[in-house]
Amino acid sequence: MAEGPPRGRTPSPGPGGAPGPPSPRAAGAAAGSAGALSPPAAASKWVRLNVGGTYFVSTRQTLCREPKSFLCRLCCQDGPELGSDKDETGAYLIDRDPTYFGPILNYLRHGKLIINKELAEEGVLEEAEFYNIASLVRLVKERIRDNENRTSQGPVKHVYRVLQCQEEELTQMVSTMSDGWKFEQLISIGSSYNYGNEDQAEFLCVVSRELNNSTNGIVKEPSEKAKILQERGSRM
């Protein structure tokens, strides 16, 4: 009866000098090593970022939404010119303020600019320019410009007039309310005198308009109708 090769030794070559088939145990060990070196495909779509010591996790699809941005080049192209160092956890190291990275990442996620009240818009603009997200830079600049315009205008103030008129003058009073004048309230003060055979009721008409008359540095003079309202009110 022929004996097999001793345990622990390599099987002898087959015919023609070709190596024989590997043992089942060796084949299984090789397959296990290959599986350990190839990470699952689902894990590769998630990216871990270490921004100034704070960790953020997002998908490559989100980070690559702006093809010319720093984050796309860092995480999707992984260009050597960026010097993309990683920490011991495998997260990309980014030496920026994590406080302002939240609005940047959320914009890439849903395309909306959302800034908490405690954050300065200028800080978000600085980070948007660093990460080279052109569309976000435009949005932040527009918001800053709109806020500056509202601040320069200051709070809206109103001037009020109380006009006294008879019942038959109400129609004329309403027709003269132009140039920014707005009707506020009509108060009946009863009948003060008799005109012919009919009592004439009198009213107090309260009107208002914005006090700021300047537009782009040009002061508008009140029209004739507005002057009539002012003169009537000054007689009260």
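# Questions on a predicted protein chain

The model is predicted; the protein chain has an average pLDDT of 73, and 60% of the residues score at least 70.

Trainee: How many contacts does the stretch of residues 26-43 have in the model, beyond near neighbours in sequence?

Mentor: The pLDDT over residues 26-43 is below 50. Where pLDDT is low, the predicted coordinates should not be read in detail. Beyond near neighbours in sequence, the number of contacts that residues 26-43 have in the model is 0.

Trainee: How many contacts beyond four places in sequence does the model have for residues 213-220?

Mentor: Residues 213-220 also keep a pLDDT under 50. For this stretch, the count of contacts beyond four places in sequence is 5.

Trainee: How many helices and how many strands does the protein chain have, and what share of its residues is buried?

Mentor: The secondary structure amounts to 8 helices and 8 strands. Among contacts with a separation of 6 or more, 57% are between residues 24 or more positions apart. The accessible surface is about 16,300 Å², with 52% of that area on carbon and sulfur atoms. Of the 236 residues, the buried share is 27%.

Trainee: Is threonine 59 buried or exposed, and which residue does its side chain meet in a polar contact?

Mentor: Threonine 59 belongs to strand β2 (residues 54-59). Its relative accessibility is 17%, and the cut-off for burial is under 20%, so threonine 59 counts as buried. Leaving aside residues up to four places away in sequence, it touches Lys45 and Trp46. The polar contact, at 3.0 Å, is with the side chain of threonine 62.

Trainee: How many aromatic pairs does a search of the whole structure find, and what is the centre to centre distance for phenylalanine 70 and phenylalanine 130?

Mentor: The search finds 5 aromatic pairs. Phenylalanine 70 and phenylalanine 130 form a tilted pair, with 45° between the planes. Their centre to centre distance is 5.4 Å.

Trainee: Which helices hold these two residues, and how many residues apart in sequence are the parts that the pair ties together?

Mentor: Phenylalanine 70 is buried at 16% relative accessibility, while phenylalanine 130 is partly exposed at 33%. Phenylalanine 70 lies in helix α3 (residues 70-77) and phenylalanine 130 in helix α5 (residues 121-130), so the pair connects parts whose separation in sequence is 60 residues.

Trainee: Which residues do ring pairs link into a cluster, and which residue lies over the face of phenylalanine 130?

Mentor: The ring pairs link Phe56, Phe70, Phe101, Phe130 and Tyr131 into a cluster. Elsewhere, the charged end of arginine 48 sits over the ring of tyrosine 55, 4.1 Å from its centre. Over the face of phenylalanine 130, at 3.9 Å from the ring centre, lies arginine 96.

Trainee: Which residues of helix α4 are buried, and which residue with a positive phi follows α4?

Mentor: In helix α4 (residues 101-110), the buried residues are Phe101, Pro103, Ile104, Leu105, Tyr107 and Leu108. The helix is followed by a residue with a positive phi near 80°, glycine 111.

Trainee: Which residues of α5 are buried, and what phi does asparagine 132 have?

Mentor: Helix α5 has Glu121, Gly123, Val124, Leu125, Glu127 and Ala128 as its buried residues. Asparagine 132 is in the loop between α5 and α6 (134-153) and is partly exposed, with a relative accessible area of 43%. Although asparagine 132 is not a glycine, its phi is positive, about 60°.

Trainee: Where does arginine 65 lie, and what distance separates its C-alpha atom from that of arginine 109?

Mentor: Arginine 65 is in the loop between α2 (60-63) and α3, and its relative accessible area of 40% makes it partly exposed. Not counting residues up to four places away in sequence, arginine 65 touches Leu108, Arg109 and His110. Arginine 65 and arginine 109 are 44 residues apart along the chain, and their C-alpha atoms are separated by 8.3 Å.

Conventions. Residues are numbered from 1 along each chain as its sequence is written. Side-chain values use heavy atoms; hydrogens and water are left out. Helices (H or I, at least four residues) and strands (E, at least two) are DSSP runs, numbered from the N terminus. Buried means under 20% relative accessible area, exposed over 50%, partly exposed in between (1.4 Å probe, protein chains only). Contact means heavy atoms within 4.5 Å. Accessible areas come from the Shrake-Rupley method with a 1.4 Å probe; for residues, only the protein chains shown count as cover. A polar contact is a pair of N or O atoms within 3.5 Å; within protein, one must be able to donate a hydrogen and the other to accept it, and residues adjacent in sequence count only if both atoms are side-chain atoms. Rings of Phe, Tyr and Trp (its six-membered ring) pair if their centres lie within 6.5 Å; planes under 30 degrees apart count as stacked, over 60 as edge-to-face and the rest as tilted. A charge sits over a ring if NZ of Lys or CZ of Arg is within 6 Å of the ring centre and within 35 degrees of the ring normal. pLDDT is the predictor's confidence in each residue, from 0 to 100.
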